[in-house]
Amino acid sequence: MTLQQSVPARAVVGVTSNRLLVDGVHRDWLRRKYVQALQRHAGVACVILPTVDAEDAREEVAPAIMGRLDGLVLTGDESNIDPAVLIAPASLTGPDRQDVEAAILDRPRDRLSAVAIESAIALGMPILGICRGLQELNVYFGGTLRPSLAEWSHESGAMHAEKPDRPRDRQYDAAHSVRISSDGALFPIAGTVEAQVNSLHNQGIEALASALRREAWAPDGLVEAASVVGAPTLQIGVQWHPEWHVSTDPLSKQLFKAFGEACVRYCRTKK
Ligand SMILES: N[C@@H](CCC(=O)NCCCC(=O)O)C(=O)O
């Protein structure tokens with residue numbers, strides 16, 4: 001039996017990586033939680049999308065890769081977005097420019113997300129943004145971020161922040177409720193207008209881009225989920241982390257399942 005006969009076709013999604021600089025050596029990396037959740041609960045196969053250096057940002061690599069994929073996942077990461085790079089990924093090309101600072105700045109990731117989002121939107125491909133991924137969608141479409149939720153309000157800072165005193169796994173336990181819009185794209189997936197979500201971020205959406213629609217919000221009003229207005233498929237970002245406790249949390253499970261189904265539908269339209 002040939003491989004083609006025996007293995008049913010699976011949707012293949014691109015998953016953003018991050019840049020890590022150790023001992024002067026650049027590496028692309030991501031947490032396996034994202035890949036595991038996608039494989040096991042969305043039923044898709046994953047390829048890791050490499051980060052992009054300034055001198056490579058003008059190359060037309062993204063359309064070549066994205067054209068072969070069935071979905072895009074914008075993962076979370078501690079680093080904060082540089083909006084200038086995300087809006088114009090080829091604009092900063094100075095060789096002396098500091099591009100990467102652990103957990104603070106990751107311009108190679110900003111460039112990757114910028115070119116990947118551009119291609120995915122042009123292709124009408126499913127998108128799932130998680131934490132930084134939601135923020136990237138907002139900045140890409142011209143929205144703005146609050147630079148520090150802790151400075152915005154003490155209560156908001158505490159509600160949304162990582163809890164560094166807890167073991168890593170427990171940091172992804174539910175932290176606050178969200179209200180889900182009853183007439184949006186998330187409601188049919190969630191099947192409820194209220195849910196509990198985890199929270200590990202210090203930035204958040206300030207002005208929501210006009211190309212995005214608010215899908216869920218926290219008790220302090222912070223946008224917790226948004227989708228692309230008029231999208232031909234599921235193009236959504238969430239501020240929480242559905243990947244971490246997906247095997248036990250119904251909302252997380254349903255979100256990955258819906259994303260996987262959207263990827264399969266998109267895959268079939270390409271044939
Ligand atoms: N720096 C931004 C983005 C926060 C974010 O994506 N955190 C996730 C890190 C952990 C993980 O990916 O599991 C902010 O602070 O808002």
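Predicted model: local features only at pLDDT ≥ 70, side-chain atom pairs only at ≥ 80, totals over all residues.
Two residues are taken to be in contact if their C-beta atoms, placed from the backbone, lie within 7 Å. By this criterion, among contacts in the protein between residues at least 6 apart in sequence, 71% join residues at least 24 apart.

Along the principal axes, the C-alpha atoms fill a box of roughly 60 × 50 × 40 Å. Ten helices and 15 strands make up the secondary structure elements of the protein. Of the 271 residues, 45% are buried.

In soluble globular proteins, nonpolar side chains tend to be buried together. The largest nonpolar core of the present model has 68 residues, of which Val13, Val15, Leu38, Leu72, Ala116 and Phe259 touch the most other members. Helix H10, spanning residues 250-270, supplies the largest share of this core, with nine residues.

Strand E2 (residues 18-22) and strand E3 (residues 25-29) run antiparallel and are joined by five bridges. Within this pair, Leu20 stands opposite Arg27 of E3. The two strands E2 and E3 form a hairpin with two residues between them. One of the turn residues, Asp23, has a positive phi of about 55°.

Helix H6 itself covers residues 132-140 and is mostly covered, with nine of its nine residues buried. The buried residues of H6 include the charged Arg132 and Glu136, as well as Leu134, Leu137 and Val139. Gly133, Gln135, Asn138 and Tyr140 of H6 are likewise buried.

Arg132, a buried residue of H6, is also among the residues that come nearest to the ligand. The ligand has 13 residues around it, and those that come nearest are Gly76, Cys131, Arg132, His201 and Gln203. By class, the shell around the ligand consists of seven polar, four charged and two nonpolar residues.

Key:
Residues numbered from 1 in each chain as written. Buried ≥ 20, exposed ≤ 12 C-beta atoms within 10 Å, placed from the backbone. Helix = DSSP H or I, 4+ residues; strand = E, 2+ residues; numbered from the N terminus. Near = placed C-beta within 6 Å. Core = buried A, V, L, I, M, F, W, Y, C linked by C-beta atoms within 7 Å. Pairing = 2+ DSSP bridges.
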